[in-house]
Each structure stands twice: as structure tokens, then as C-alpha cells.
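The sequence and structure come first.

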Amino acid sequence: MDGIIFDVDGTIWDATEVVAESWNAAIKKHTDLDIHVTKEILADLFGKTMEEICQILFPLLGEEEMFRIGNYCFEYENELLESKHGVLYTGMRETIETLAKEYPLYIVSNCQCGYIEVMLKTQKLGHYFKDHLCYGETKQPKSYTIRKIMERNNLKDVIYIGDTMGDATACKEVGIPFVFTTYGFGQVADAKWSIDAPLELLDVILKMNHAK
């Protein structure tokens, strides 16, 4: 195994409460919409692309206005997360610290530009990860983004850690193993590999290596 790729939301941390606050502030300031975003609503949306989230939250708006508001929301989100941080899942820091001693670590997410950076900065995790790539940079499905980060880092034998069916599908398209985080936001009924807590990933990776 020459690399481990992580998703962010529902895998490394939970930022739904802070993101909901930032989106509500952006909507209130820049629109007349009677929309209140909750962390529960966001939990159902995380994992989708930025455009898909905007289409679900603002379905009655024209495309230009929809994405104008969405861009404000993403800007407010990155800014607020600098001071009000998301919460790492219990055991995630120890898991990352342990894995980084043996494997190169990477991040691929469907988020906007700047989001991964603020997570790494505020959680002081940046030095553990070799590279990261997001939808905001590629504007392509997650399978493409995974392939891209593999190509530019010359990775051949990797696994992906994520929490949604979209993650599982992307891994299938790329042809890499997927580890489902049951503690995240999504549901993957037929996942071959899964963990109920971050620290379980250490044992699962051992099992995956032995199964080769």
C-alpha cells in the first residue's frame, strides 16, 4: 500500500454546526430568502458537489443567482471555520499520527477551494498529509479527482476512507478499495470494509494488507 486517501466531512471531522451558522449568515445578508439551514440538513448534503448542494437548497432560483448565493455561503464558511472549528472525531488525531509514520496520507473531497486547507491549519494536521485535491479545483466527479491525485503522486496501491455511497461508487469506478466510516453522514449497505470509530482503521488496514 503506497497511500491512504481520506475524505473530510464525516470521516476526519464534523463541521456541520459551524457550516450551518455561516450559511445562514450569508443567506441573511445577501438574499431575501426565508431559508434556515440546520446541521441536520447539511449532514444529508455533505458528500455532494458544491453545485448539487446549491441546487437542492435553492431550487427555485435561476442558475446564476443560485451559484452567486452558494459562493457567498462557501466564502463565509471558510472564514468562520478559521475561528469556530469543526470537531475531529474521537481518535482521529491518533489514527492519523500513527498511519503517517508508515504510509503517505492524502485528502480528496468534494468541497470548495480553501476548505481542506482551513481544516488542516486549525487542527494542526497539515504536516501529516502529502497532498490534497478537491472538487473546487477539478470541477469533476470524485472518481476523477481521486485518479488525479494518484497520477500526480505516482500512486498505484491506495485505499480511500469515506462515509457516503458516492465515495463507494467513486472507488469502484477507480478500482481501489473503500473503507466506510459508519460514524459519518451516509449509508453504504454493502461495504466490504467498515469502521465504527477512527482507531479501528489501524486494524482494518492490517487485515487488508494480509488479505492481498
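Lys-139 is partly exposed, at 44% relative accessibility, where partly exposed lies between buried (under 20% relative accessible area) and exposed (over 50%), computed with a 1.4 Å probe and protein chains only. This is a predicted model, in which local features need pLDDT of at least 70 and side-chain atom pairs count only at pLDDT 80 or more, while totals for chains, interfaces and linings use all residues. Residues are numbered from 1 along each chain as its sequence is written, and side-chain values use heavy atoms, with hydrogens and water left out.

- Most residues other than glycine have a negative phi, and most peptide bonds are trans.
- Lys-139 is not a glycine, yet its phi is positive, near 55°.
- Lys-139 sits in the loop between α7 (135-138) and α8 (142-152); helices (H or I, at least four residues) and strands (E, at least two) are DSSP runs numbered from the N terminus.
- Asn-154, also not a glycine, has a positive phi of about 55°.
- The loop that holds Asn-154 runs between α8 and β6 (158-162).
- Asn-154 is exposed, because its relative accessible area is 55%.
- Lys-124, which follows α6, has a positive phi near 55°.

**The chain as a whole**

- The chain contains 10 helices and eight strands.
- Its radius of gyration is 17 Å, close to the 17 Å from the globule rule for 212 residues, so the chain is as compact as a globular protein of that length.
- That radius is taken over C-alpha atoms, and the globule rule is 2.2 Å times the number of residues to the power 0.38.
- Along the principal axes, the C-alpha atoms fill a box of roughly 55 × 30 × 30 Å.
- Of the 212 residues, 53% are buried.
- Among contacts with a separation of 6 or more, 66% join residues 24 or more positions apart; contact means heavy atoms within 4.5 Å.
- The accessible surface is about 10,400 Å², and carbon and sulfur atoms account for 50% of that surface; areas come from the Shrake-Rupley method with a 1.4 Å probe, and for residues only the protein chains shown count as cover.
- The chain has 21 positive and 34 negative charges, whose mean positions are 5 Å apart.
- Lys and Arg count as positive and Asp and Glu as negative, without His and the chain ends; each charge is placed at NZ of Lys, CZ of Arg, CG of Asp or CD of Glu.

**Helix α6**

- Six of the eight residues of α6 (residues 115-122) are buried, so this helix is largely enclosed by the rest of the structure.
- The buried residues are Tyr-115, Ile-116, Val-118, Met-119, Leu-120 and Thr-122.
- Their cover includes β2, α4 (63-81), β4 and β5 (129-134).

**Buried residues in strands**

- Ser-109 belongs to strand β4 (residues 105-109).
- With a relative accessible area of 4%, Ser-109 is buried.
- A polar atom of the Ser-109 side chain lies 3.2 Å from the backbone nitrogen of Cys-111.
- Beyond residues up to four places away in sequence, Ser-109 touches Asp-7, Val-8, Ile-116, Leu-133, Cys-134, Tyr-135 and Lys-142.
- Thr-181 is part of strand β7.
- Thr-181 is buried, because its relative accessibility is 0%.
- The side chain of Thr-181 has a polar atom 2.9 Å from the backbone oxygen of Gly-10.
- Apart from neighbours within four places in sequence, the contacts of Thr-181 are Gly-10, Thr-11, Ile-161, Gly-162, Asp-163 and Ile-195.

**Asp-14**

- Asp-14 lies in strand β2 (residues 13-14).
- Asp-14 is partly exposed, with a relative accessible area of 27%.
- The side chains of Asp-14 and Thr-16 make a polar contact at 2.7 Å; such a contact is a pair of N or O atoms within 3.5 Å, where within protein one must be able to donate a hydrogen and the other to accept it, and residues adjacent in sequence count only if both atoms are side-chain atoms.
- Asp-14 and Tyr-89 are 75 residues apart in sequence, and their C-alpha atoms are 7.1 Å apart.
- Not counting residues up to four places away in sequence, Asp-14 touches Gly-86, Val-87, Tyr-89 and Phe-185.

**Ala-189**

- Ala-189 is in the loop between β7 (178-181) and β8 (193-195).
- Ala-189 is exposed, with a relative accessible area of 87%.
- The C-alpha atoms of Ala-189 and Lys-130 are 31 Å apart, for a separation of 59 residues along the chain.
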